[in-house]
Amino acid sequence: MPGMHKELLSSWRAAVRPRGSDSSPQFYVSAPLAGKAFRREGMATLLDVAEELGCEQARMLLYKDRCDFEALVRTLSFCGWRLCAPIANETPKSCAQLVYEL
């Protein structure tokens, strides 16, 4: 229809690895697909959940070949995320890992 535009939906997903005997639970975030609208509210809600679960940080993997990789990393850095060194045997070479301290 003329004059109408599509709203791009932002779908953030997360997973939690239970607390180990000597560590806090691990919280992992999955960013929306490339080209989807970035909504801070969705990410903020996930980070609130992570904090309520007693997590000390959240981690996110981003594929380096995303068409919006650089822009997304820059946006996430303004929101408090930072690039970190990959974890051996956990981070694929095709991905960058970001961390958010809660």
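The protein chain exposes about 7,100 Å² of surface, and carbon and sulfur atoms supply 54% of it. Accessible areas come from the Shrake-Rupley method with a 1.4 Å probe, and for residues only the protein chains shown count as cover. The model is predicted: local features need pLDDT of at least 70, side-chain atom pairs count only at pLDDT 80 or more, and totals for chains, interfaces and linings use all residues. Residues are numbered from 1 along each chain as its sequence is written, and side-chain values use heavy atoms, with hydrogens and water left out.

The protein chain has 102 residues, of which 31% count as buried. Buried means under 20% relative accessible area, exposed means over 50%, and partly exposed is in between (1.4 Å probe, protein chains only). The chain contains two helices and five strands. Helices (H or I, at least four residues) and strands (E, at least two) are DSSP runs, numbered from the N terminus. Along the sequence their order is β-β-α-β-α-β-β. Contacts also say something about the fold; a contact means heavy atoms within 4.5 Å. Among contacts between residues at least 6 apart in sequence, 62% join residues at least 24 apart.

Begin with strand β1, residues 13–17, where V16 is placed. V16 counts as partly exposed because its relative accessibility is 41%. Together with V49 and L53, V16 makes a nonpolar surface patch of about 210 Å². Patches are made of residues with over 30% relative accessible area and no salt bridge; like charges are joined within 9 Å, and nonpolar side chains (Val, Leu, Ile, Met, Phe, Trp, Tyr) within 5 Å. P18 lies in the loop between β1 and β2 (26–30). With a relative accessibility of 64%, P18 counts as exposed. P18 and C55 are 37 residues apart in sequence, and their C-alpha atoms are 9.7 Å apart in space.

Next comes helix α2. Which residues of α2 are buried? They are F69, L72, V73 and L76. Seen down the axis of α2, these buried residues fall within an arc of 100°, so they line one face of the helix. The arc is that of the directions from the helix axis to the C-beta atoms. An α-helix has 3.6 residues a turn, so residues three or four places apart point the same way. The buried residues of α2 pack against α1 (40–52), β3 (57–63), β4 and β5. On the face turned away from the buried side, α2 carries the exposed residues E70 and F78. L76 and V99 are 23 residues apart in sequence, with 9.9 Å between their C-alpha atoms. Just after α2, G80 takes a positive phi of about 105°.

Now consider the pairs of side chains. Rings of Phe, Tyr and Trp (its six-membered ring) pair if their centres lie within 6.5 Å; planes under 30 degrees apart count as stacked, over 60 as edge-to-face and the rest as tilted. This rule gives one aromatic pair. The ring centres of W81 and Y100 are 5.5 Å apart and their planes are at 50°, so the pair is tilted. W81 is in the loop between α2 (69–78) and β4 (82–84), and Y100 is in strand β5 (residues 95–101), so the pair ties together parts that are 19 residues apart in sequence. W81 counts as buried because its relative accessibility is 2%.

A salt bridge is a side-chain nitrogen of Lys or Arg within 4 Å of a carboxyl oxygen of Asp or Glu. The count comes to two salt bridges. In one, the side chains of D68 and R66 meet at 2.9 Å, N to O. Both D68 and R66 are buried. In the other, the closest N and O atoms of R82 and E101 are 3.2 Å apart. This pair links distant parts of the chain, with R82 in strand β4 and E101 in strand β5, 19 residues apart. R82 counts as partly exposed at 43% relative accessibility, and E101 is partly exposed with a relative accessible area of 43%.

The tour ends with L102, in the segment after β5. At 31% relative accessibility, L102 counts as partly exposed. Leaving aside neighbours within four places in sequence, L102 is in contact with L47, A50, E51, C55, E56, Q57 and A58. L102 and E56 are 46 residues apart along the chain, and their C-alpha atoms are separated by 5.2 Å.
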